[in-house]
Amino acid sequence: MLNLDRPIRLLASVAVLSLLSPLAHAGKTLDSIRQRGSVQCGVSTGVAGFSLPDSQGKWSGLDADFCRAVAAAVLNDPNKVSFVPLNSQQRFTALQSGEVDVLARNTTWTLSRDASLGFNFTAITYYDGQGFLVPKKLKVTSAKQLKNAEICVQSGTTNEKNLADYFRAQGVKVKPVVFEGFEAAFKAFFSGRCQAYTTDISGLAGLRNKEAQNPDDYVILPEVISKEPLGPVVRRGDDDWFAIVKWVAFALIEAEENGITQVNIDALRVQSKDPVQQRLIGTAEDTGKLLGLDKDWSYRAIKAGGNYGEIFERNLGPKSVVKLPRGLNNLWNKGGILYAPPLR
């Protein structure tokens with residue numbers, strides 16, 4: 001017997017779904033950005049490899065380049081970014097109050113920050129861990145040998161808490177010397193105030209190679225005492241903006257995986273027949289309409305500073321001042337754990 005009710009019910013279901021899933025609106029944050037004409041990006045006060053101004057005030061680093069990619073995606077211009085330097089104590093208040101639109105300040109994703117501050121962590125753009133930097137002349141080869149040592153650390157960071165947790169678990173007594181500012185902490189260490197300095201290993205590498213008079217006089221100990229997944233953060237309450245920032249990060253990762261670079265992207269716009277590449281460079285279906293953006297949003301984000309691998313190599317790789325290997329931050333199919341959902 002023919003069931004005439006079934007197609008009617010199916011049509012009704014499709015109608016309901018269409019009402020519940022409209023095309024993305026720009027969102028209040030993006031509306032404000034467009035009216036202002038710039039993305040307000042909260043960055044560090046100066047961490048080599050992530051966000052650091054030069055003598056002319058030009059910012060470089062993985063976080064700075066990510067902010068430029070966001071600006072390119074939403075404002076058609078990677079230079080329409082206002083970098084707002086924030087210390088560890090200022091960063092969360094600045095995001096909560098609306099002083100910045102996105103916090104890209106080598107900030108660790110933790111449960112307490114995710115669940116209690118009114119934030120959404122968008123993606124992990126760098127997998128890090130905390131370590132220790134010591135003068136080579138101390139002949140210390142393990143953090144467990146730092147008994148009774150004075151260790152410089154910045155307050156208001158996960159580093160301060162991890163330091164206490166690690167040595168308590170090891171049954172080793174140390175003396176934390178706490179500084180409010182990042183610069184004050186590392187300068188105290190290099191002046192001899194402390195026997196060790198602790199922060200994320202990427203920060204230790206940058207400081208050793210940039211701030212030490214002779215980098216070879218210092219060694220990073222082998223222990224990695226924490227997981228520090230770093231990434232951009234936005235306020236809760238604007239899902240449209242959350243989606244935009246998240247997918248800009250994913251587009252940069254997907255671009256590297258699919259062989260799209262800052263150099264070849266324009267040629268690929270003309271020549272590529274690969275459906276995945278075409279979606280990323282804006283020559284196939286329009287993914288922008290799902291985000292309240294135009295069709296070329298991901299093309300501009302990639303063109304601004306290159307794919308994730310290019311950004312990493314320029315700012316953190318072996319030829320940069322930080323001189324770090326890709327390690328965990330390599331693509332999932334190249335020995336790392338960097339992985340992005342499909343952009344489709």
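Modeller: Cys41 and Cys67 are both buried. Please keep in mind that this is a predicted model.

Biologist: What joins Cys41 to Cys67?

Modeller: A disulfide does, with an S to S distance of 1.8 Å. Cys41 belongs to strand β1 (residues 39-43) and Cys67 to helix α3 (residues 62-75), so the bond ties together parts that are 26 residues apart in sequence.

Biologist: How many disulfides does the count come to?

Modeller: The count comes to two disulfides. The other pair to consider is Cys152 and Cys194, joined with an S to S distance of 2.0 Å. This pair links distant parts of the chain, 42 residues apart: Cys152 is in strand β9 (residues 150-154), and Cys194 is in the loop between α7 (182-190) and β11 (196-200). The angle about the S-S bond is 75°, and the link of Cys152 and Cys194 is right-handed.

Biologist: Why do Cys152 and Cys194 count as buried?

Modeller: The cut-off for buried is under 20% relative accessible area. Cys152 is buried because its relative accessible area is 0%, and Cys194 counts as buried because its relative accessibility is 3%. With bonded cysteines counted along the chain, the disulfides follow the pattern 1-2, 3-4.

Biologist: Let us turn to a helix. Is α12 largely enclosed by the rest of the structure or largely open, and why?

Modeller: Seven of the nine residues of α12 are buried, so this helix is largely enclosed by the rest of the structure. For reading any helix, the general idea is that an α-helix has 3.6 residues a turn, so residues three or four places apart point the same way. In α12 the buried residues are Trp297, Ser298, Tyr299, Arg300, Ala301, Ile302 and Gly305. They pack against α3, α9, α10 (265-271), α11 (275-281) and α13 (308-315). Just after α12, Gly306 takes a positive phi of about 95°.

Biologist: Where is Arg300 placed, and why does this residue count as buried?

Modeller: Arg300 lies in helix α12 (residues 297-305). Arg300 counts as buried because its relative accessibility is 14%. A polar atom of the Arg300 side chain lies 2.8 Å from the backbone oxygen of Ala73. Not counting residues up to four places away in sequence, Arg300 touches Ala72, Ala73, Asn76 and Asp294.

Biologist: How many cavities of 30 Å³ or more does a search of the whole structure find?

Modeller: The search finds two cavities of 30 Å³ or more. The largest cavity has a volume of about 220 Å³. Its lining comprises 21 residues, of which Arg105, Asn106, Asn159, Thr199 and Asp200 lie nearest the centre. At least two lining residues are supplied by each of α6 (158-170), β11, α8 (201-210) and β13 (228-230).

Biologist: How does the whole chain read?

Modeller: The protein chain has 13 helices and 14 strands, and of its 344 residues 52% count as buried. Its C-alpha atoms fill a box of roughly 85 × 45 × 45 Å, taken along the principal axes. Among contacts with a separation of 6 or more, 70% are accounted for by residues 24 or more positions apart.

Methods: Residues numbered from 1 in each chain as written. Predicted model: local features only at pLDDT ≥ 70, side-chain atom pairs only at ≥ 80, totals over all residues. Heavy atoms only, no water. Disulfide = S-S within 2.5 Å. Helix = DSSP H or I, 4+ residues; strand = E, 2+ residues; numbered from the N terminus. Buried < 20%, exposed > 50% of the residue type's maximum accessible area, 1.4 Å probe, protein only. Polar contact = N/O pair within 3.5 Å; in protein donor to acceptor, adjacent residues only side chain to side chain. Contact = heavy atoms within 4.5 Å. 1 Å grid on protein atoms, 1.4 Å probe; cavity = no way out; pocket = protein on both sides within 12 Å on 5 of 7 lines; lining within 4 Å. Points joined across faces, edges and corners; volume = space filled by probe spheres on them.
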